[in-house]
Amino acid sequence: MFLRELTELSGVSGCEFEVRNYIKDKLSEIGCEFRIDKIGNIIAHNKGSFNDKSTVITAHMDEVGLVIYDINQEGFIKFKTVGDIDPIVLNSKIVKIGKNKIIGVIGSNPIHLMSIGERGKPLEIDSLYIDIGVKSREEAVKYVHIGDYATFKSDYTEFGESQIKAKALGSRAGCAAILEILKIKPDIDFYGIFTVMKEVGSRGAYTSTYSLEPDLVVTLDETECADIPNVKEYNKFTELGKGVAISFVDDGTIYDISLIKKYMRLANDNNIQFQVKKSASGTNDSRAVHTEKNGVKVFPVLLPCRYTRSNVSVADKNDYKSIIEFTKMILQN
């Protein structure tokens, strides 16, 4: 299963090697033509006899994570975040560091050693460190180096009726969906692009479609799902189990209303479950590609996820399946 394997790979922004190598291997197995551009995007081409427009399906390979910048004399490791991570999700988490997957635990001062003024306040990144179980810097540098990347240690788990827990779930769901569609080899001409560095400003997306000059780019990504306790009804932007989310507008893009109406009608006609995102917050790689050259029409197909940018994102398997079905419908129309 592509999704399980992809979520368990490490691929912090700028260090997507594991994910890229996995996707390269799968594309070769599928027999799909692809190339890699100068900054690491994978551009796959499904050659088909049908399509009256140039279409690109895109998803990003990277995830939020950490980068090591210092190791103190006692062997404790200091880090900076890569991408937007709330410090509240970091303390006490297990991470894997570098290519050798060195296990570490993120720690901080325990509450009984905090001052009265420190207690109850959000932890600052600078107050956190990684403990890899050594007693000195000399021992630590045998395993970890300045500049190493770290990702959350989190296994793919299915639970409940149809739910999934994993890290990097939203981004890797998009990559898995593209692979699933390419594996089918539909007789439709389109490109599948796996981009780098979305979490630090959609940098890969800016370059990935430039030379292709597509008519339409479909962006597969995640969106926040807040169908949880203590959230007001009007803030429950999407809900698990109600299909993919589509958006009219977000922080980076205003989407084409004619495309939205067209695909909503087609989805209803084909009994493909979807929901309209009730928020204009967030963004995805559409913001980077829709202004390229003479402009490109873009359309978002989004996976609702709880607890995004953490070690335990949660999504629904049926929503993931609807991403594949919705995207196939777009390609066929």
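Q: Are Tyr-263 and Phe-299 buried or exposed?
A: First, the term: buried means under 20% relative accessible area, exposed over 50%, partly exposed in between (1.4 Å probe, protein chains only). Both Tyr-263 and Phe-299 are buried. Phe-299 has 0% relative accessibility. This is a predicted model, where local features need pLDDT of at least 70, side-chain atom pairs count only at pLDDT 80 or more, and totals for chains, interfaces and linings use all residues. Residues are numbered from 1 along each chain as its sequence is written, and side-chain values use heavy atoms, with hydrogens and water left out.

Q: How many aromatic pairs does the structure hold?
A: A pair of aromatic rings is described by the distance of the centres and the angle of the planes. Here, rings of Phe, Tyr and Trp (its six-membered ring) pair if their centres lie within 6.5 Å; planes under 30 degrees apart count as stacked, over 60 as edge-to-face and the rest as tilted. The structure holds four such pairs. One of them joins Tyr-263 and Phe-299, edge-to-face, at 5.0 Å centre to centre and 75° between the planes. Tyr-263 sits in helix H6 and Phe-299 in strand S16 (residues 297-305), 36 residues apart. Helices (H or I, at least four residues) and strands (E, at least two) are DSSP runs, numbered from the N terminus.

Q: What kind of pair do Phe-299 and Phe-326 form?
A: A stacked one: Phe-299 and Phe-326 are 6.1 Å apart centre to centre, with 10° between the planes. Phe-326 lies in helix H8 (residues 317-332) and Phe-299 in strand S16, so the pair ties together parts 27 residues apart in sequence. Phe-326 is buried too, with a relative accessible area of 0%.

Q: Which residues form the aromatic cluster?
A: Tyr-263, Phe-274, Phe-299 and Phe-326 form one cluster.

Q: Which residues have the most contacts inside the largest nonpolar core?
A: In soluble globular proteins, nonpolar side chains tend to be buried together. A nonpolar core is a set of buried Ala, Val, Leu, Ile, Met, Phe, Trp, Tyr and Cys residues joined through side-chain atoms within 4.5 Å. The largest has 67 residues, and Leu-6, Ile-23, Phe-194, Phe-299 and Phe-326 have the most contacts inside it. Helix H4 (residues 169-184) gives the largest share of this core, nine residues. Apart from it lies another core, of 22 residues, including Val-89 and Ile-97.

Q: Where does Ile-254 lie?
A: Ile-254 is in the loop between strand S14 (244-246) and helix H6 (257-269). Ile-254 is exposed, with a relative accessible area of 70%.
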